[in-house]
Each structure stands twice: as structure tokens, then as C-alpha cells.
Amino acid sequence: MIHKERVLKALNHEQPDRVPFFYWDVPEFGVKLMKHLGFQNRDELLEYLDVDFRWVEPDYVGKNLIGDDGLTKTDIWGVGYSRVKNGDFEYWEATNFPLEGLTEPTALDDFEWPTTNLFDFESLPNKIEKYKDYAVMTAPGYSSPGLFRIIQRLLGREAFLDVMLYHPKFFDALVNKVRTFYLDFIQKFFDNANGGVDFIRIADDFGSQSGLAISNDIWEQYCKPTIDAFTSVPKSQGVKFYMHSCGGVRKLLPEFISLGADVLDPIQTRADGMEPNGLKEDFGNYITFSGALDEELLLRQGTPQQVKDGVKQLLDSMAPKGGFILGPSHKLKVETPVENVVAMYEAAKEWKY
């Protein structure tokens, strides 16, 4: 069974030859794992782990976003990042929020908004052809549309809620700017995909450790119509909808399902209401779950044997009758022991229905 068939069979709530695998990390961990295993590129790593998904994105053809010193960078939205060291680890951290302190809608007219001219969408067909045997997904980052996660970075996380509640005209205008960019991006992406992309990944974080981070009114006013708009073109072409949200989003499961979500990722098991068995029992007939292997304690702090035991326990409860894809419950952090990640996929390969 090829990778694509395995994933789609699981989505159809049937048992494939083995449970499908997903992989998600911070770039620094990927570099560490490749070095540990002696690989030169990400494709070699994913092939070794037997991961069933591949990501595609159009080539970026805009100006250079990395500073000359290699210690700073800017994304397409103008958000600035700095290279930060914490003990033995090093990573990018957002340090400059270009719309911080602004509240007047007219201020957005002078901002340099990204356009789809920054990308070469004609580069997609060759990438898609390369991965034709895999479940192909829009890549995390700018190819996975989002709304609040973009606005939080533009405003700064601490100012986000204040602006949304007390400056609604400005916030509405900001939402429309982000939404307009992504509607154009999605249209061009799928115009050039020629039916070769299996999933559009919509990525926003609506939950915290203690439950939902948004009110029902905010969901109805901003989030729900935006997700519906983002998925309209892909769904009309038969593309599956892969919903990403961290945190305790159990109460939004009926909403995700009503919007046509085929998969929910990453099942952050330590968040309120996200216990895997309960999700499987209550919603397992309606949506596929992806992730769910505890990244916070088990993968970061456990032993390889504890990881293998955890994989078996998770698959025993979640994998039967399909509807499950194994992966970490959050991005693999740079401090995660590489031996534990290898143990996760080894144990999953050994597990049988």
C-alpha cells in the first residue's frame, strides 16, 4: 500500500496495513535529528521514519528576508525575528511586531502588505509530481492559511485581545487584509495544483491549556466565516480539510465537523478536554484525529522504552477502525531527545491492528 492510499483509507475509517504517520517539528530539531542519523536533507529523514505525508509550497521569489548577520529575519508580514540562545539550544523568536500600538484603520493603508506576487505558483506541479505517492499537504507556514495567528504576530500577542475588544473597526480592517491575501493565495495555489494536493491545512490556535481561548461570538464573527471562505475552493476540487489548532478545543469539534474538517491536529493531550479516548468515543465516527503522542512529558522527558509503551497504549485505543494518524501532540522541540522520536516511529511500525 502506498503512502497516499494508507492515509486516505484511514480517513475513510477503515484499517490500512498500518497506522499512518505524521511528523512536525521546529526546524532546529529537524537539523539535530538529521545530523544524528547522518542524513543530508528532510526527504531522507522522512523516508527513514516512513512518514506518509509530504508538504508543498510555491517558491518564494521576493526580497531576501534574512539579515546579513544571520541573526535576524523578517517574514512576509513584516514581523521581525531574532536568533535567541537558551543554554545549549538556539531558535528564532518574534521580537518586532510591526502594527504594535496602532488602532486607527487608516494606518493600515500605509502598511506594506504581502501580495501573491511574492510567490511562483508555477513551481508547484513539479513538487507535487515528486510526491505523488504520498499524502500531499499545503506546507505549514505561509502555505497553511490562518487568521488570528497572523494578526497576533502583527500586533504582538499581549496587545491582540485588547485591540480585538476595544478597537473593533481597526480589527475588522485587519481581518479583511489578512483574509484578502489568503483568498488570493489559495485560489492561485489550487489553480496550479492540478488536482495533485490532497489536503489544505488551515492553522490557527483557538485553545489554551484550560480550554477555548475565544468566545462563541468571536468564533461566529471572525473564525467560522474565514475558515469557510478559505476551504471553499479546495473543497470544490475534492481536497481534504486538515484543521490545525493546539489547546483545549473539544467544544469546537462540532463546529470543525460542520465546516467539513476531515482531520483535527495535533490533539494536545494535556489540554483540558483533549483526552484521546474520550475524543475517539464521542467524535471518532465523524473526524480523523492526528497526533496525540504526548510531546510535553513523554517525548521530551521519557525514556525510549516509555515512549514505545506510550505508543502501544495510544494505538490500542485510537487506531482500531481507522480514523487516526500518529504524530506528536505538538511540534517536536529542539530539546527533545532524538532517541525518543526514533523510538516513537519504530514502535508504531511494530504495532499491529
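## The cavity

Helix α8 (residues 216-236) supplies the largest share of the lining of the largest cavity, four residues. Helices here are DSSP runs of H or I with at least four residues, strands are runs of E with at least two, and both are numbered from the N terminus. This is a predicted model, so to speak of local features a pLDDT of at least 70 is needed, side-chain atom pairs count only at pLDDT 80 or more, and totals for chains, interfaces and linings use all residues. Residues are numbered from 1 along each chain as its sequence is written, and side-chain values use heavy atoms, with hydrogens and water left out.

The structure holds one cavity of 30 Å³ or more, and about 40 Å³ of space lies in the largest cavity. Its lining is made of G146, L147, I202, D204, F206, C223, T226, I227 and F230. Sorted by class, that lining has six nonpolar, two polar and one charged residues. For the classes, Ala, Val, Leu, Ile, Met, Phe, Trp, Tyr, Cys and Pro are nonpolar, Asp, Glu, Lys and Arg are charged, and the others, Gly among them, are polar.

On method: a 1 Å grid is laid over the protein atoms alone; a cavity is a set of points where a 1.4 Å probe fits but cannot get out, while a pocket is an open set with protein on both sides within 12 Å along at least five of seven lines, and lining residues have an atom within 4 Å of a point. Grid points are joined across faces, edges and corners, and a volume is the space filled by probe spheres set on the points.

## The second largest pocket

Now for an open space. The second largest pocket has about 340 Å³ of space. Its lining counts 16 residues, and the closest to the centre are P276, A292, G310, Q313 and L314. Of the elements, α12 gives the most, with four residues. By class, the lining of this pocket has six nonpolar, seven polar and three charged residues.

Helix α10 also holds L279, which counts as buried at 0% relative accessibility. Buried means under 20% relative accessible area, exposed over 50%, and partly exposed in between (1.4 Å probe, protein chains only).

## Salt bridges

A search of the whole structure turns up 20 salt bridges, each being a side-chain nitrogen of Lys or Arg within 4 Å of a carboxyl oxygen of Asp or Glu. One of them pairs E28 with R83, with the closest N and O atoms 2.9 Å apart. That pair links distant parts of the chain, as E28 sits in helix α2 and R83 in strand β4 (residues 80-86), 55 residues apart. E28 is buried at 13% relative accessible area, whereas R83 is partly exposed at 25%.

R300 and E295 form another, at 2.8 Å between the closest N and O atoms. Here R300 is partly exposed, at 26%, and E295 is buried, at 2%. There's also a network: salt bridges that share partners join R6, D17, R18, D50 and D52. Then there is K132 with E129, where the closest N and O atoms are 3.2 Å apart. Both ends are partly exposed, K132 at 48% and E129 at 46%.

A cis peptide bond joins D265 and P266, with omega about 5°. P266 is in the loop between β12 (263-265) and α10.

Two residues have positive phi without being glycine. H13 has phi near 60° and lies in the loop between α1 (3-11) and α2 (27-37), where it is partly exposed at 28% relative accessible area. N194 has phi of about 55° and is in the loop between α7 (168-193) and β8 (199-203). At 61% relative accessibility, N194 counts as exposed.

## A surface patch

L161, L165 and Y166 make a nonpolar surface patch of about 350 Å². Patches take residues with over 30% relative accessible area and no salt bridge, joining like charges within 9 Å and nonpolar side chains (Val, Leu, Ile, Met, Phe, Trp, Tyr) within 5 Å. The areas come from the Shrake-Rupley method with a 1.4 Å probe, and for residues only the protein chains shown count as cover. Y166 belongs to helix α6 (residues 157-166) and is exposed, at 59% relative accessible area.
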